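Colleague: I'd like to check the labels on this model one by one. Let's set each value beside its cut-off.

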Amino acid sequence: TGASLSGPSLMWIDASGNIYVANYNSGKISRWNSSHTYLGTYTTGKTISNAEGIVFDSAGNCYVEDTGAGAVYKFGPTGTYIGTIISGLSHPLGFSITPSDNLYIATYNYSSPYTSSVTKYNTTGTLLQTISNTNMDESDGVAIDGAGNIYVLNRAQDQAGTNKGYVTKYNSAGVYQGIFSSGYQDPLAISCDPSGDVFVADSHN
């Protein structure tokens, strides 16, 4: 309670139970405590165009994926802007972080040649790995399990415009392992729990 959300995209819950929601339309990060009391806008010092994703590292630093600017911003544990660590991304959509503080970003180019990609960075923005884009199609999410396997959520459409969403799997080296699951109507988010279970949010199913 206490806040009006504007196009909420992804959320994060920290170890203390605080809740953070990325608002795509307003570019704001809304924060609540574990009792669901609204604490205000979390990030300061940087205007965010379209907040698509949010993750935190093990030191409590916050990373916000800005789809409109094609960038990732870093904020300190109190929400103060530190800097832009990644820029020049082509419509970033999926965003994930591992326990070892590596960032994974899924992007999709909405103009020809309509390519998808998944890349891995450290928390200073250094590119560490580019994942094979075999069988990716409008990649909208990415999740990493405890063994380092990579799951990419694809919001593919056929020529009639019908959604044919599916998840592709890659090993920790980025090599394609096959289609993990399929049959989604309009998948929007993907995550893995510590046991390696994969969860997909499908808005039309």
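Modeller: Let's begin with exposure: buried means under 20% relative accessible area, exposed means over 50%, and partly exposed is in between (1.4 Å probe, protein chains only). The model is predicted, so local features need pLDDT of at least 70 and side-chain atom pairs need 80 or more, while totals for chains, interfaces and linings use all residues. Residues are numbered from 1 along each chain as its sequence is written, and side-chain values use heavy atoms, with hydrogens and water left out.

Colleague: Why is His 91 called partly exposed?

Modeller: The relative accessible area of His 91 is 27%. His 91 lies in the loop between strand S8 (81–86) and S9. A strand here is a DSSP run of E with at least two residues, numbered from the N terminus. The phi of His 91 is positive, about 50°, although His 91 is not a glycine.

Colleague: What makes Gln 129 buried?

Modeller: Its value is 15%. The cut-off is under 20%, so Gln 129 counts as buried. Gln 129 belongs to strand S12 (residues 127–130). Its side chain reaches the backbone oxygen of Ser 172 at 3.2 Å. The backbone oxygen of Ala 173 lies 3.0 Å from a polar atom of that side chain.

Colleague: How do you know that Ser 139 makes a polar contact with Asn 154?

Modeller: Their side chains are 3.1 Å apart at that contact. A polar contact is a pair of N or O atoms within 3.5 Å; within protein, one must be able to donate a hydrogen and the other to accept it, and residues adjacent in sequence count only if both atoms are side-chain atoms. So the pair qualifies. Ser 139 is in strand S13. It is buried, at 0%.

Colleague: What makes S9 and S10 a pair?

Modeller: Two strands pair if DSSP finds at least two bridges between them. S9 and strand S10 (residues 103–108) have five, in the antiparallel sense. S9 itself is mostly covered: six of its six residues are buried.

Colleague: Where does the pairing go from S10?

Modeller: Six bridges join S10 to S11, running antiparallel. Ile 105 has Thr 119 as its bridge partner in S11. S11 then pairs with S12 over three antiparallel bridges, including the one from Tyr 121 to Leu 127. Gly 125, in the turn of the S11 and S12 hairpin, has a positive phi of about 95°.

Colleague: Why is strand S11 called largely enclosed?

Modeller: Five of the six residues of S11 (residues 116–121) are buried, so the rest of the structure largely encloses it.

Colleague: How do you know that the structure has zero disulfides?

Modeller: A disulfide needs a pair of cysteine sulfur atoms within 2.5 Å. The count of such pairs is zero. Cys 62 is buried at 0%. Cys 192, at 21%, is partly exposed.

Colleague: What makes a space a pocket?

Modeller: We use a 1 Å grid over the protein atoms alone; a pocket is an open set of points with protein on both sides within 12 Å along at least five of seven lines, unlike a cavity, which a 1.4 Å probe fits but cannot leave. Lining residues have an atom within 4 Å of a point. The largest pocket holds about 880 Å³. It has 34 lining residues; closest to its centre are Trp 12, Ser 96, Ile 97, Ser 191 and Cys 192. Volume means the space filled by probe spheres set on the points, which are joined across faces, edges and corners.

Colleague: Which strands supply at least two residues of that lining?

Modeller: They are S1 (8–13), S5 (51–56), S9 (92–97), S13 (139–144) and S17 (187–192).

Notes
Helices (H or I, at least four residues) and strands (E, at least two) are DSSP runs, numbered from the N terminus.
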